[in-house]
Amino acid sequence: MPEKMRVGIIGCGWIAHSHMQAYLKMDDVEIVAAADLIPGKARAFLDEFGLTKVPAYGIHTELLEKAKLDAVSICTYNTTHRQCAVDALQAGLDVLCEKPMSVTLQEAVDMAKAQKKTGKILSIGFQPRYDPDMIMVRDLVRSGVLGEIYYVQTGGGRRRGIPGGTFIRKDLAGVGCLADIGCYGLDMALNAINYPKPLTVSAYSSDRFGKNPKYCAEYDQFDVDDFAVAFIRLEGGIALDFRMSWAMHMDTMGDTLFLGTEAGVKVKSPFPDKPWGGAWDGTIGPVFMYHDVAGNLVETKVPSKAVPNFNRFDAKVRAFVDAAKTGGDSPIPASQILYNQAILDGILRSSQLGREVEITIPEI
Ligand SMILES: NC(=O)c1ccc[n+]([C@@H]2O[C@H](COP(=O)([O-])OP(=O)(O)OC[C@H]3O[C@@H](n4cnc5c(N)ncnc54)[C@H](O)[C@@H]3O)[C@@H](O)[C@H]2O)c1
């Protein structure tokens with residue numbers, strides 16, 4: 001690899017800005033191209049950052065054919081993640097793909113297979129993992145102090161917070177609140193317990209708020225889920241209770257809980273007094289541990305590890321660049337996120353069928 005890693009950005013919408021801002025802070029990275037399907041959008045995006053000489057392309061395949069690249073950030077809407085990632089991996093590039101990994105389990109399997117075949121990096125953009133408080137929760141849960149973990153509850157849910165644009169259209173987002181914010185709660189909880197394999201899902205999802213003009217300005221475009229609850233059996237005898245919503249008449253459907261035979265950990269919803277703050281979707285509320293000490297039932301507040309002005313988005317992109325430059329492992333690997341995607345896929349299948357479904361994950 002040359003001294004500066006040559007990066008292209010595919011999809012120049014909202015999240016592409018955080019990728020660009022992170023890359024531009026790095027001396028060892030050069031932005032060499034950007035692409036967007038919408039005519040003029042990639043050019044305007046590059047110009048916004050003063051990169052007036054950097055070439056702009058249309059569809060991602062044009063960028064892959066014409067630009068000399070080492071890596072790409074995939075910042076397109078969910079339904080195109082699979083195609084963009086597989087094409088970029090097959091072109092010999094390292095890939096940082098935005099979350100959710102894909103729409104269906106099969107798409108995630110295709111991506112994981114392409115990663116394995118090419119040996120390149122495929123990392124999925126779950127920046128909350130880099131938050132010092134999230135790391136504290138992960139390390140606490142993984143330390144063994146909880147004993148045998150048998151139950152996890154996560155998700156919470158927003159009272160109000162239906163987005164618009166490409167997030168609410170099935171042809172572009174594929175999935176609604178589950179793909180937008182549900183995958184975060186799942187990632188943080190599953191990462192803390194070392195991503196056990198999901199076995200079965202029994203779920204319910206609905207779309208009552210998104211289709212109602214009282215709650216969603218773009219209600220006539222809305223055709224995805226806005227609410228989901230699920231009971232998931234995980235390998236190792238662990239029950240996972242998951243809830244998520246973009247809108248409901250409640251502040252939150254619950255804090256995140258890890259129950260073990262020796263202790264329990266509660267991660268409070270970040271801002272339950274705010275309309276959008278009842279979901280565990282990136283930020284974190286106070287953390288408590290429940291345990292017995294000399295026969296006493298003790299509740300301990302775990303001190304926050306928050307670092308002022310810490311930028312999780314920058315940390316995510318830096319971890320990807322470091323792995324790509326050193327030939328290291330994918331920081332947030334497809335092999336793990338496949339299980340996250342399998343759960344989302346199972347939730348949608350189960351709620352459509354109205355019964356529990358098995359999760360079968362093909363060999364990669
Ligand atoms: N990590 C986070 O915090 C975070 C936040 C917001 C969005 N996201 C994720 O980022 C992704 C994009 O979200 P957004 O809000 O930026 O969407 P957006 O709709 O603003 O932008 C996506 C862009 O991708 C372009 N595009 C789609 N397919 C393309 C292709 N094949 N080639 C070139 N361009 C293509 C579209 O024209 C569009 O301009 C989604 O998957 C979303 O879930 C992540």
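This is a predicted model: local features need pLDDT of at least 70, side-chain atom pairs count only at pLDDT 80 or more; totals for chains, interfaces and linings use all residues.
## The ligand shell, the domains and the helix packing

The residues of the shell around the ligand divide into twelve nonpolar, ten polar and four charged. In total, 26 residues surround the ligand, and the closest are Gly-11, Gly-13, Thr-76, Glu-98 and Thr-166. The largest share of this shell, three residues, is contributed by helix H1.

From the ligand we can turn to the division of the chain into domains. The domain assignment gives domain 1 as residues 5–128 + 312–331, and domain 2 as residues 131–303 + 343–358. The centres of domain 1 and domain 2, taken over C-alpha atoms, are separated by 27 Å. Where the two domains meet, eleven residues of domain 1 are in contact with 16 residues of domain 2. On the side of domain 1 that touches domain 2, six residues are nonpolar, three are polar and two are charged.

Packed helices come next. Two packed helices are described by the angle between their axes and the distance between the axes.

| Helix pair | Angle between axes | Distance between axes |
|---|---|---|
| H5 (residues 105–118) and H10 (residues 334–353) | roughly 170 degrees | within 9 Å |
| H1 (residues 14–24) and H9 (residues 312–326) | about 65 degrees | 9 Å |
| H6 (residues 132–142) and H8 | about 40 degrees | 8 Å |

The axes of H5 and H10 cross at roughly 170 degrees, and because an angle over 145 degrees counts as roughly antiparallel, H5 is roughly antiparallel to H10. On the side of H5 the contact is made by Leu-105, Ala-108, Val-109, Met-111, Ala-112 and Gln-115, while H10 brings Ala-334, Ser-335, Leu-338, Gln-341, Ala-342 and Asp-345. Sorted by class, the contact of H5 with H10 has eight nonpolar residues, three polar residues and one charged residue.

Helix H1, which also supplies three residues of the ligand shell, packs against H9 at an angle of about 65 degrees, and the two helices are therefore roughly perpendicular to each other. The crossing of H1 and H9 is right-handed. In this contact Ser-18, His-19, Ala-22 and Tyr-23 of H1 meet Phe-313, Asp-314, Val-317 and Arg-318 of H9, and the residues divide into four nonpolar, two polar and two charged.

In the pair H6 and H8 the angle is about 40 degrees, so these helices are oblique to each other. Here Met-134, Val-137, Arg-138, Val-141 and Arg-142 of H6 are in contact with Met-188, Asn-191 and Ala-192 of H8. By class, the contact of H6 with H8 has five nonpolar residues, one polar residue and two charged residues.

A cis peptide bond, with omega of about -10 degrees, joins Lys-99 and Pro-100, and Pro-100 has its place in the loop between strand S5 (94–98) and H5. The other detail concerns Asn-194, which has a positive phi of about 65 degrees although it is not a glycine. Asn-194 lies in the loop between helix H8 (177–192) and strand S8 (198–206).

Technical notes
Residues are numbered from 1 along each chain as its sequence is written. Domain bounds come from an automatic or database domain assignment. Two residues are in contact if their C-beta atoms, placed from the backbone, lie within 7 Å. Ala, Val, Leu, Ile, Met, Phe, Trp, Tyr, Cys and Pro count as nonpolar, Asp, Glu, Lys and Arg as charged, and the others, Gly among them, as polar. Axes are lines fitted to C-alpha atoms, for helices over the stretch in contact, and angles run from 0 to 180 degrees between N-to-C directions. Helices (H or I, at least four residues) and strands (E, at least two) are DSSP runs, numbered from the N terminus. Angles under 35 degrees count as roughly parallel, over 145 as roughly antiparallel, 65 to 115 as roughly perpendicular and the rest as oblique. A crossing is left-handed if the near helix is turned anticlockwise from the far one by less than a right angle, and right-handed if clockwise. A residue is near a molecule or strand if its C-beta atom, placed from the backbone, lies within 6 Å of it.
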